[in-house]
Amino acid sequence: MQQESIYNLIPKEYVPPPKEPMYRSAYPSNLVPTGSTFNNYTTSRPKINNINGEFELVKGPHSHKGQSNSLGRPKGSYKPDTTMFRLKNTGTMGSNQLPEIQSYKYPPSVKPQVPKKDEKPIHGLKSNKNFIITNAVENILSAPKQIVEDVAWTSKKDYGKVPDYLTKIKSSISSEYEIIRNMHISEAEEMDKQKYLMSLEEVQQLKEGLKKKWESVNKEYQSITHIRMIDTVGLKRKKEQCEKELAQLEKDIEKLNKNYVFVDTQK
């Protein structure tokens, strides 16, 4: 952390930063860009110049250009493998025989066929059946309908009684409640056994010890708050710790003022 100092009032001498060298490109200024059309002055020249980007930065075996950084590879570098291509008369089309050509047959139709224009429909068909007599004979020969009588529910033996399944469910629920109640009673008895009733002499002795502790802490607290000036982090923390201890001691003394004091022996 920067601290205050009288030397900071003296203005410091300004030192300008060193100037970096001017940037100069490795490419010449008069180099024609790749695929340029700027220097086509007449129609006798092609429309695009320096299409391959011909320029060597470093003379020697290494170059800034790759092997294929142009329109295609150099002439003579293409050597296709004949095993990768299908040659003439080497296909499998001629060896396999195609199936014979057959005429297509439509499946049989489900709908009735439309009558032809020279076919005439049959009109005037009549039946000699007497439907009145036929219906009367069918009703006479048919069996009579059975009349279903209403069930007298009030005359049943178990009418108005509680069903057996409800009595079973009720008994099971009552047994579960009884088990839970016994468990709570046993837990309460176990908790009562773990408690210890302190005598009046023990309570008085514990009170005196807590009061002595409170007086010592209070004395230290008074020395911090009335004699010294609280201007450091350590004194502030000590003051807060003393206040917490005094509050806790006062609560403990208040608990001991009751008629009966029990102590949990399991803690």
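Start with the surface: select Val-162, Tyr-165, Leu-166, Ile-169, Ile-173, Tyr-177 and Ile-180, which make a nonpolar patch of about 700 Å². Keep in mind as you look around that this is a predicted model. Now click on Tyr-165, which sits in helix α2, residues 164–194. Is Tyr-165 buried or exposed? Its relative accessibility is 53%, so Tyr-165 counts as exposed.

Stay on helix α2 and pick Arg-181 and Glu-178. Their side chains meet in a salt bridge, 2.6 Å from N to O. Both residues belong to helix α2 and are three residues apart, about one turn of the helix. Arg-181 is partly exposed because its relative accessibility is 42%, and Glu-178, with a relative accessible area of 39%, is partly exposed too.

That was one of three salt bridges found in the whole structure. For another, select Glu-220 and Lys-238, whose side chains meet at 2.9 Å, N to O. Glu-220 is in helix α3 (residues 200–227) and Lys-238 in helix α4 (residues 233–255), so this pair ties together parts 18 residues apart in sequence. Glu-220 counts as partly exposed at 32% relative accessibility, and Lys-238 counts as partly exposed at 31%.

Move along helix α4 to Glu-243 and Lys-239. How far apart are the closest N and O atoms of their salt bridge? The answer is 2.7 Å. The two residues are four apart in helix α4, which means about one helical turn separates them. Here, Glu-243 is partly exposed at 32% relative accessibility, and Lys-239 is partly exposed at 24%.

Next, jump to Tyr-104 and Tyr-106. The structure holds one aromatic pair, and these two form it: edge-to-face, 5.0 Å centre to centre, with 85° between the planes. Tyr-104 and Tyr-106 are both exposed.

Now zoom out and show the whole chain. You'll find four helices and two strands, running α-α-β-α-α-β from the N terminus on. Of the 267 residues, 8% count as buried. The accessible surface comes to about 27600 Å², and 57% of that belongs to carbon and sulfur atoms. Among contacts with a separation of 6 or more, 41% come from residues 24 or more positions apart.

Last stop: colour by confidence. The mean pLDDT of the chain is 78, and 75% of residues reach 70 or more. Among the elements, helix α1 (residues 131–141) has the highest mean pLDDT, 90, while strand β1 (residues 195–197) has the lowest, 67. Where pLDDT is low, the predicted coordinates should not be read in detail.

How values were computed:
Residues are numbered from 1 along each chain as its sequence is written. This is a predicted model: local features need pLDDT of at least 70, side-chain atom pairs count only at pLDDT 80 or more; totals for chains, interfaces and linings use all residues. Side-chain values use heavy atoms; hydrogens and water are left out. pLDDT is the predictor's confidence in each residue, from 0 to 100. Patches are made of residues with over 30% relative accessible area and no salt bridge: like charges are joined within 9 Å, nonpolar side chains (Val, Leu, Ile, Met, Phe, Trp, Tyr) within 5 Å. Accessible areas come from the Shrake-Rupley method with a 1.4 Å probe; for residues, only the protein chains shown count as cover. A salt bridge is a side-chain nitrogen of Lys or Arg within 4 Å of a carboxyl oxygen of Asp or Glu. Buried means under 20% relative accessible area, exposed over 50%, partly exposed in between (1.4 Å probe, protein chains only). Contact means heavy atoms within 4.5 Å. Rings of Phe, Tyr and Trp (its six-membered ring) pair if their centres lie within 6.5 Å; planes under 30 degrees apart count as stacked, over 60 as edge-to-face and the rest as tilted.
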